[in-house]
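Biologist: I would like to learn how to read single residues in a model. Can we go through a few together?

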Amino acid sequence: MAVQDIMPTWVGATAKQIARGVRRGDVSATQVLADHLDHVAKADADLAAFRTVRGGEAVTEAEKVDEQEDLGNLPLAGVPVAVKENTPVAGVPTWNGSAAVRTPVAEADHEVVRRLRGAGAVILGVTRMPELGLWGVTDDGTAVTRNPWDLGRTPGGSSGGAAAAVAAGLVPIAHGNDGLGSIRIPAACCGLVGLKPGRGVVPCQLGAEDWFGLTEHGMLATTVADAAVGFQVLAGRAQEKLVPPQRLRVGVSLRSPVRGVSPDAPNRDAVAAAGRLLAAAGHDAVPADPVYPTALGLQGIATWFAAAAADVRAAGIDRRDLQPRSRRHVTFGDWAWRRGYVREADRAAWRERSIGFFADHSVDLLLTPALASAPPPAASWSARSWRANMLVNIRYAPYAAPWNIAGLPALVVPVGRRPDGLPLAVQLIGPPGSELLLLGVAGQFEMAAPWPRHAPGYPRVGTGSPASA
């Protein structure tokens with residue numbers, strides 16, 4: 001029997017349980033951190049979720065939380081949190097997915113990191129991502145990040161390290177960011193709740209131009225309540241309450257944004273199961289297909305290319321140092337920009353059409369698959385060709401990108417499992433300002449059909465202190 005089975009541990013507790021325990025004096029932030037650092041030391045060798053673990057620095061931060069006299073207004077008091085490695089954390093290099101694009105030690109925290117610290121969180125470390133955040137699989141020349149549900153599968157990308165860390169209980173919640181699905185895709189791969197807020201709700205300030213306005217910061221969590229508190233902290237909206245929504249009309253669509261790519265049977269079954277959950281909660285689920293113009297796919301791909309090129313130019317990176325797949329991507333980005341294929345007017349037109357979709361179909365939200373197929377193998381994709389990476393990304397995860405281009409809030413929530421045991425999920429999209437509504441519906445799913453909070457074999461709540469928090 002493992003030590004954690006007979007000794008109290010805060011590994012596996014939710015963020016809300018930990019914060020409540022620290023505020024009440026049931027446990028110190030230092031002890032919570034020690035539990036998690038011990039777990040990371042044992043488990044992350046198999047997962048490669050973390051780029052850097054801030055052992056000593058994090059202990060100092062936890063001690064400062066314990067020294068505060070009033071913890072009552074800290075929603076994340078003593079909660080160990082991971083930050084994605086493209087987001088500056090003071091005292092740590094900003095890796096951006098590889099040594100080739102690493103920037104020097106950051107002198108100051110990014111605004112979202114500052115808000116996490118201000119809420120009482122302790123930054124345990126920074127999590128791995130693919131180079132420049134370009135890909136839906138996470139690896140580089142030093143490690144392949146693996147999915148705790150199946151070490152032979154990717155946890156997704158680009159917030160792959162964050163998702164692996166949360167799904168394995170290395171941290172209760174983790175920060176990520178999402179330019180074309182980089183929170184929602186890993187959340188779906190790893191059985192987590194992942195929310196991409198709408199445009200401008202959380203300060204972005206990443207790269208050259210926030211990927212032309214496509215990128216948003218968010219959190220990955222094992223419960224809707226943790227996802228909600230994480231969102232509220234990042235958005236500066238801690239006073240707002242999450243309430244169960246009244247009767248809604250939800251559009252349901254299996255239509256893929258990418259021609260020739262369609263959801264497999266398990267993902268179709270997940271949408272059907274979600275429709276039944278909506279009906280059981282008193283909502284109306286009705287067919288409603290968005291019209292994805294062919295030009296939207298071309299615009300999205302051109303913007304994906306050009307965003308990489310803009311980041312490389314702004315950072316002064318020698319593109320010869322990049323991985324071959326990224327180098328080709330940047331080359332196409334320069335070409336797309338020179339040809340005028342990246343236009344704000346096109347993005348604005350799709351945003352207007354997307355907002356109009358809800359009125360045109362008289363629906364409050366849209367339900368789609370989260371993925372089209374199972375997560376790809378965990379492998380050294382960084383050593384493979386650009387074409388191989390493009391095909392695997394587009395074929396397994398086509399559903400997220402349109403909502404970045406539209407700037408609409410979108411959320412992934414677990415719904416059942418694949419025949420091989422991997423988690424399934426669906427995506428919910430709403431009009432501007434609907435983040436709490438999306439979370440409210442996800443909470444109804446969670447109440448009606450609870451999902452495993454962690455991958456099999458990883459920590460569970462119920463041993464020692466967390467169970468009584």
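Modeller: We will take a few residues in turn. Keep in mind that this model is predicted.

Biologist: Where is serine 98 found?

Modeller: Serine 98 is in a loop, between β3 (93-94) and β4 (103-105).

Biologist: Is serine 98 buried or exposed?

Modeller: Buried means under 20% relative accessible area. Serine 98 has 5% relative accessibility, so it counts as buried.

Biologist: Which residues does serine 98 touch?

Modeller: Leave out residues up to four places away in sequence, and serine 98 touches Arg51, Glu131, Asp140 and Gln323. With glutamate 131 there is a polar contact, side chain to side chain, at 2.6 Å.

Biologist: Now the backbone. Which peptide bond is cis, with omega near 10 degrees?

Modeller: Look at the bond from glycine 157 to serine 158. Serine 158 sits in the loop between β5 (122-127) and α6 (160-167).

Biologist: Next, phi. What is the phi of alanine 48?

Modeller: Alanine 48 is not a glycine, yet its phi is positive, about 55 degrees. Its place is the loop between α3 (29-47) and β1 (50-53).

Biologist: Why does alanine 48 count as buried?

Modeller: Use the cut-off again: buried is under 20%. Alanine 48 is buried because its relative accessible area is 12%.

Biologist: And where does phenylalanine 212 lie?

Modeller: Phenylalanine 212 lies in helix α8, residues 210-213. Its phi is positive, about 55 degrees, although phenylalanine 212 is not a glycine. With a relative accessible area of 12%, phenylalanine 212 is buried.

Conventions:
Residues numbered from 1 in each chain as written. Predicted model: local features only at pLDDT ≥ 70, side-chain atom pairs only at ≥ 80, totals over all residues. Heavy atoms only, no water. Helix = DSSP H or I, 4+ residues; strand = E, 2+ residues; numbered from the N terminus. Buried < 20%, exposed > 50% of the residue type's maximum accessible area, 1.4 Å probe, protein only. Polar contact = N/O pair within 3.5 Å; in protein donor to acceptor, adjacent residues only side chain to side chain. Contact = heavy atoms within 4.5 Å.
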